[in-house]
Amino acid sequence: MTLPATMRHVDLPGFGAPEVMTFANGPVPQPKAGEVLVRVEAAGINRPDVAQRQGTYPPPKDASPILGLEVAGKIVALGEGVSEFAIGDLVCGLANGGGYADYCVLPAGQTLHAPKGYDAVKAAALPETFFTVWANLFQMAGLTEGESVLIHGGTSGIGTTAIQLAKAFGATVYATAGSAEKCAACEALGAARAINYKTEDFAAVIKEATGGKGVDVVLDMIGAAYFEKNLSVLAKDGCLSIIAFLGGNVAEKVDLRPIMVKRLTVTGSTMRPRTAEEKRAIRDELQDQVWPLLESGKVAPVIHTVLPFDQVVEAHRLMESSSHIGKIVMTLG
């Protein structure tokens, strides 16, 4: 296959509002050993993309500076030593950067075959949220069958994924959201109770729903604004897993005694700085334990809207509005 020398991609000449993004032409990247080159058909929009555009989440030194952390499309070239994929395979993957482009290099260890029956749009809605939820909710927080979990931001891409996976693996799920419509969406996905944080006190609701016991895990993307209340709703030996700071990253005058009294664990992570080996381990577990759920229809990505590549500015505005339920996906020609 003869590849073009140049490609179209989103350029970021400076940091700021969505309007700082422009389009430019640049060289098509070449896959190194252990990498694959994908002709991008669809790319997901994620909060880390917004943070990078704003200048608060820089890419690693060895990563593409182009925005975009998840893509789907067909493999058009293989780097040395790649044997688990073939040219023409429809795949999706977690990119280290470079997803907002016609072509994107993916490490083979962060790449998966698209689930059977999935097109590129559905497949592109998977990597970032499924890698993040699996790593934080199951690997780090250790959620297991019979336990309970509170998921904040239940209608975000992370939230809709976490609700479904927690339910599928036998947990009782509670979620917060900001409207009656969003709460209904959470419950339709499997939440036993969705809490409208604008009209209800989630700590009081959890206390009543669990008979005062609390939940075993809290998956939180709010941060400082919810920190003390999150500690209060955890059961003994519970775990608070923090994955973002939409409500601030400095928690002042917080009573830390519940951590000691209830033997709590507080953990958190970001995906981008993880090693290639760590990401491969997540990929392998997703392939073994989650991909069958996707292929059977027991779990599915929730896609709010699909926009053409030319509307990347509108896609970021929508992400920042938090009015969406599920994923925002862009299609490329």
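## Basis of the model

The model is predicted: local features need pLDDT of at least 70, side-chain atom pairs count only at pLDDT 80 or more, and totals for chains, interfaces and linings use all residues. Residues are numbered from 1 along each chain as its sequence is written, and side-chain values use heavy atoms, with hydrogens and water left out.

## Overall form

The protein chain contains 10 helices and 15 strands (DSSP runs, H or I of at least four residues for helices and E of at least two for strands, numbered from the N terminus). Its C-alpha trace spans about 65 × 40 × 35 Å along the principal axes. The radius of gyration of the protein chain is 20 Å, which agrees with the value near 20 Å for a compact globule of 333 residues (taken over C-alpha atoms; the rule is 2.2 Å times the number of residues to the power 0.38).

## Burial and contacts

Of the 333 residues, 54% count as buried (under 20% relative accessible area, with a 1.4 Å probe and protein chains only). Among contacts (heavy atoms within 4.5 Å) with a separation of 6 or more, 68% join residues 24 or more positions apart.

## The setting of Thr161

Because its relative accessibility is 4%, Thr161 counts as buried. Its side chain reaches the backbone oxygen of Gly157 at 2.9 Å. Apart from neighbours within four places in sequence, Thr161 is in contact with Thr129, Phe130 and Val133.

Key:
Buried < 20%, exposed > 50% of the residue type's maximum accessible area, 1.4 Å probe, protein only. Polar contact = N/O pair within 3.5 Å; in protein donor to acceptor, adjacent residues only side chain to side chain.
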